[in-house]
Amino acid sequence: MAILKIAKMGHPVLNEKADPISDPTSRNVRDLIKDMHETLADVRGAGLAAPQVHVGKRLIIFAAPKEEQEEENIPETDFAPMTEIINPEWVPVSDEMSLGWEGCLSVPGLTGAVPRYMHIQYRGYTPKGELIEREATGFHARVFQHEFDHLDGILYTMRMDDLSLLVFAEEAKKFGLPPFPHQ
Ligand code: NI
């Protein structure tokens, strides 16, 4: 087990398309997943993609946890336990998009409002080689799309259409996040 170094914006591995994993059940993949979990826990992040730890392979881990005081009328598809997905694919279920604030361990200090599909379906393989298929909405859909983008060399800043909504988190803490129009 090891805490891995996280690549920052500017490192070429973050702009490359990652390769598919031929055997999701291999020992190498299992060891990498363990290290990614340890790395993510260390920085208390929501998700991590293999290219962020300098491995150009199609593997992401993420969680969309339910908070304790969460309202009850939120759909189950908004949430996901800590999940590992190998060779993921996804499609939007509807054209509806929404803006939401995102940060990225590879873009430290910044936060930006990013348009994402609100309702998606995704699939991929678990480290046991089993197919996993889910519907995702809300933060669950957002975190998946963010992590998936890393596999195609895309950072969230590249998805933004209004760069006035890219701010330092530290300033936003003092002055509040800038408002964005609802899409
Ligand atoms: Ni990221």
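Student: Is arginine 58 buried or exposed?
Tutor: Bearing in mind that this is a predicted model, arginine 58 counts as buried, because its relative accessibility is 9% and the cut-off for buried is under 20%.

Student: And which residue does arginine 58 form a salt bridge with?
Tutor: The partner of arginine 58 is aspartate 152, with the closest N and O atoms 3.0 Å apart. Aspartate 152 sits in the loop between H2 and strand E8, while arginine 58 belongs to the loop between strands E1 and E2, so the pair ties together parts that are 94 residues apart in sequence. Aspartate 152 itself is partly exposed, at a relative accessible area of 25%.

Student: How many salt bridges are there by this rule?
Tutor: The count comes to 10. Another of them joins the side chains of arginine 116 and glutamate 102, at 2.9 Å from N to O; arginine 116 is in strand E5 and glutamate 102 in strand E4, so this pair links parts that are 14 residues apart in sequence.

Student: Changing topic, what coordinates the nickel ion?
Tutor: The nickel ion is coordinated by Cys104 through SG and by His146 and His150 through NE2, at 2.1 to 2.2 Å. Along the chain, these donors follow the spacing C-x41-H-x3-H.

Student: Why are histidine 146 and histidine 150 about one helical turn apart?
Tutor: That is because they are four residues apart in helix H2, which covers residues 138-151. Histidine 146 is buried, with a relative accessible area of 6%, and histidine 150 also counts as buried, at 1%.

Methods
Residues numbered from 1 in each chain as written. Predicted model: local features only at pLDDT ≥ 70, side-chain atom pairs only at ≥ 80, totals over all residues. Heavy atoms only, no water. Donors = N, O, S within 2.8 Å, 3.2 Å for Na, K, Ca; no water. Helix = DSSP H or I, 4+ residues; strand = E, 2+ residues; numbered from the N terminus. Buried < 20%, exposed > 50% of the residue type's maximum accessible area, 1.4 Å probe, protein only. Salt bridge = Lys/Arg side-chain N within 4 Å of Asp/Glu carboxyl O.
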